[in-house]
Amino acid sequence: MAARINYSVQNTLCLLNPFNYSINAKTTHFKTGINFSKNLIFPRKLKSPMFCTCATSNNDLQSSEPAETFVLTTPLYYVNAPPHMGSAYTTIAADAIARFQRLLGKKVIFVTGTDEHGEKIAASAAAAGSTPSDHCDVISQAYRTLWKDLEITYDKFIRTTDPKHEGIVKEFYSRVLAKGDIYRADYEGLYCVNCEEYKDEKELLDNNCCPTHLKPCIERKEDNYFFALSKYQKQLEENLTRNPKFVQPPFRLNEVQSWIKSGLKDFSISRASVDWGIPVPNNNKQTIYVWFDALLGYISALSAENEQPDLQTAVSSGWPASLHLIGKDILRFHAVYWPAMLMSAGLDLPKNVFGHGFLTKDGMKMGKSLGNTLEPNELVHNFGSDAVRYFFLREVEFGSDGDYSEERFINIVNAHLANTIGNLLNRTLGLLKKNCQSTLVVDSAVAAEGNALKDTVEKLVEKARIHYENLSLSSACEAVLEIGNAGNAYMDENAPWTLFKQGGAASEAAAKDLVIILEAMRIVAIALSPVAPSFCWRIYEQLGYSKDHFNTVTWSGTKWGGLKGGQVMAQPKPVFARIENKTELEDEAATKKPVKSKQKKPQAQVAAEA
Ligand SMILES: [Zn+2]
């Protein structure tokens with residue numbers, strides 16, 4: 001349903017995972033020339049790696065209270081062409097939100113899927129010499145493959161050609177019909193074939209051109225079934241007055257209110273000339289049009305695999321949704337049509353509809369005709385999923401429009417992931433290896449007594465939590481990155497590599513400093529994991545933890561004090577490979593001269609070599 005616009009065709013490529021190393025965190029005895037005072041020596045036995053000793057166990061989940069359920073959805077994407085960057089962006093954001101909600105200990109049902117009916121699908125299939133059904137299988141699979149490459153952890157993938165979905169659509173339709181909200185009428189108007197939609201003359205451009213497709217709409221007349229949207233004007237207004245947070249971000253509320261205020265027209269919910277769709281109950285000459293088909297996917301997705309699918313059991317499996325995440329182009333359908341349909345059927349409304357902005361490339365609208373589309377498969381293939389996820393969530397203020405340029409992309413992920421976080425971790429572990437046998441000398445809680453960095457980290461991580469809760473994903477990333485900045489500043493101010501050379505009390509202080517910085521890194525690894533999960537796992541692995549530990553960590557693990565004395569860190573390895581600027585590489589190939597990085601050598605690296 002996602003705006004049923006023309007998507008460009010692209011290949012599905014596999015993600016290259018440059019990081020595939022295993023943990024090698026052997027516990028070694030602590031032999032060093034430095035004499036630490038007794039209270040600094042770790043109190044625990046050293047025979048086994050100290051997994052699961054920090055405050056991040058999932059014990060806090062094991063209460064008798066059932067976990068709160070958080071249901072979130074992306075649009076069901078239209079399969080006339082493979083996924084484009086806009087769909088990937090919505091889905092990445094949804095995944096970050098789902099992962100954050102899971103960290104809070106909630107039961108999450110993350111719904112995505114594909115919208116597979118309609119005139120354009122049948123036409124695309126015919127053009128490719130395929131059947132609609134085969135065509136849908138191929139494109140739907142392309143979505144699943146991309147979601148896997150982008151590490152999307154959806155719980156339900158619903159296809160509108162799924163028989164269980166068809167049953168629920170028919171049941172919903174019958175309920176609304178019984179309510180007296182569906183009627184049959186002749187309709188004559190201007191129709192955009194690409195939108196598959198009748199248009200209001202006042203929304204069209206010159207020559208009756210569709211504002212989305214810039215092609216003239218055609219006169220069409222057919223007899224259709226209509227939904228009596230106009231009956232729900234008052235109830236929709238009342239809902240928004242009662243619950244202004246229904247539409248997010250807040251600046252989109254006015255838009256929705258003015259649509260409703262300007263008068264709601266009944267809309268057509270069937271097509272007479274489209275075979276590829278769900279037949280209208282009791283009239284198989286008509287098929288159900290997108291809104292009474294794809295929107296119901298949010299509910300049909302909830303029904304359990306082996307369950308006899310019906311509307312009531314699906315509803316009782318998690319409806320209403322906590323959050324519909326959509327692009328702003330389909331806000332009207334989600335914030336006006338859909339709530340009215342649900343009111344008619346006697347079902348609860350979703351709690352929130354969030355309309356995000358559009359992406360541009362190099363400041364220009366993307367389009368196949370402009371030849372400047374951004375291929376998500378290519379991006380993931382070239383840069384890895386962490387970089388792609390981080391860039392779009394950090395760089396685009398969630399809700400507003402955002403821009404992609406390759407230069408900006410490379411600069412941001414190199415500066416933030418490779419330098420600020422990756423390099424800090426790497427040089428700290430380097431110093432720990434050289435001076436402390438890669439072993440923490442004291443609990444992080446003890447090391448940080450009266451330490452200002454600890455207070456800073458606590459404030460920033462709480463800030464990040466609030467931003468995640470409010471779906472301010474960019475600000476959440478920023479708060480976590482600030483922890484990295486504070487860690488770098490701390491390292492540079494305290495210069496532990498100099499202290500270690502002084503020996504005695506200075507060495508003890510330096511060893512504590514390393515524990516403090518690594519604890520900050522541990523907190524970063526949890527707090528950024530909704531955005532860059534593999535990157536964060538690699539940080540966690542460097543800190544000597546197991547994958548199981550990482551997979552069961554919760555947000556309460558961001559509390560200071562997780563790292564304990566005696567814990568052995570892994571061999572220092574970079575957690576994020578710096579992306580080399582393509583033009584630099586091309587220059588090198590052209591001139592056969594050594595490449596000089598445009599960015600100056602990060603301070604961090606200089607220090608590590610010191
Ligand atoms: Zn159009």
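**Figure 1. Strands β1 and β2 pair in the parallel sense.** Leu 72 has Phe 110 as its bridge partner in β2. This is a predicted model. The pairing of β1 (residues 69–78) with β2 runs over 8 bridges.

**Figure 2. Helices α2 and α3 pack at about 95°.** Two packed helices are described by the angle between their axes and the distance between the axes. Here α2 covers residues 119–127 and α3 covers residues 132–149. Their axes lie 8 Å apart. The two helices are therefore roughly perpendicular to each other. From α2, the contact takes Ile 121, Ala 122, Ser 124 and Ala 125. From α3, it takes Pro 132, His 135 and Cys 136. By class, the residues of this contact between α2 and α3 are 5 nonpolar, 2 polar and no charged.

**Figure 3. A cis peptide bond joins Gln 248 and Pro 249.** Omega is about -10° at this bond. Pro 249 sits in the loop between β7 (247–248) and α6 (253–261).

**Figure 4. A cis peptide bond joins Trp 319 and Pro 320.** Omega is about 10° here. The loop that holds Pro 320 lies between α9 (311–316) and β12 (323–327).

**Figure 5. An open sheet of 3 strands has the order β15-β14-β16.** Its pairing is mixed. β14 (residues 359–361) pairs with β15 in the antiparallel sense, over 2 bridges. Thr 360 has Lys 365 as its bridge partner in β15. The edges are β15 (364–365) and β16 (402–404). Each edge strand has a single partner strand, so one side of each is left without a neighbour in the sheet.

**Figure 6. Helix α13 is kinked by about 40°.** The helix spans residues 406–436, and the kink is centred on Gly 422. α13 is mostly covered, with 23 of its 31 residues buried. Gln 437 follows the helix, and its phi is positive.

**Figure 7. Gln 437 has a positive phi of about 55° although it is not a glycine.** Gln 437 lies in the loop between α13 and α14 (444–447). The residue is partly exposed: 16 other C-beta atoms lie within 10 Å. The cut-off for a buried residue is 20 or more.

**Figure 8. Lys 454 is a buried residue of helix α15.** It has 20 other C-beta atoms within 10 Å. Leaving aside residues up to four places away in sequence, Lys 454 touches Ala 448 and Trp 560. Glu 519 is 65 residues from Lys 454 along the chain, and their C-alpha atoms are separated by 9.0 Å.

**Figure 9. Leu 471 has a positive phi near 60° in a residue other than glycine.** Leu 471 is found in the loop between α15 (452–469) and α16. Leu 471 is buried, with 22 other C-beta atoms within 10 Å.

**Figure 10. Helices α16 and α18 pack at about 170°.** α16 runs over residues 473–494 and α18 over residues 504–527. Their axes are 10 Å apart. The angle makes α16 roughly antiparallel to α18. On the α16 side, the contact holds Val 480, Ile 483, Gly 484, Gly 487, Tyr 490, Met 491 and Asn 494. On the α18 side are Asp 513, Ile 517, Ala 520, Met 521, Ile 523, Val 524 and Ala 527. The residues of this contact between α16 and α18 divide into 10 nonpolar, 3 polar and 1 charged.

**Figure 11. The whole protein has 22 helices and 16 strands.** The protein counts 610 residues, and buried residues make up 47% of them. Contacts between residues at least 6 apart in sequence were also examined. Of these contacts, 78% join residues at least 24 apart.

Terms used. Residues are numbered from 1 along each chain as its sequence is written. This is a predicted model: local features need pLDDT of at least 70, side-chain atom pairs count only at pLDDT 80 or more; totals for chains, interfaces and linings use all residues. The bend at a residue is the angle between axes fitted to the seven residues ending there and the seven starting there. Helices (H or I, at least four residues) and strands (E, at least two) are DSSP runs, numbered from the N terminus. A residue is buried if 20 or more other C-beta atoms lie within 10 Å of its own, exposed if 12 or fewer, and partly exposed in between; C-beta atoms are placed from the backbone. Axes are lines fitted to C-alpha atoms, for helices over the stretch in contact, and angles run from 0 to 180 degrees between N-to-C directions. Angles under 35 degrees count as roughly parallel, over 145 as roughly antiparallel, 65 to 115 as roughly perpendicular and the rest as oblique. Two residues are in contact if their C-beta atoms, placed from the backbone, lie within 7 Å. Ala, Val, Leu, Ile, Met, Phe, Trp, Tyr, Cys and Pro count as nonpolar, Asp, Glu, Lys and Arg as charged, and the others, Gly among them, as polar. Two strands pair if DSSP finds at least two bridges between them.
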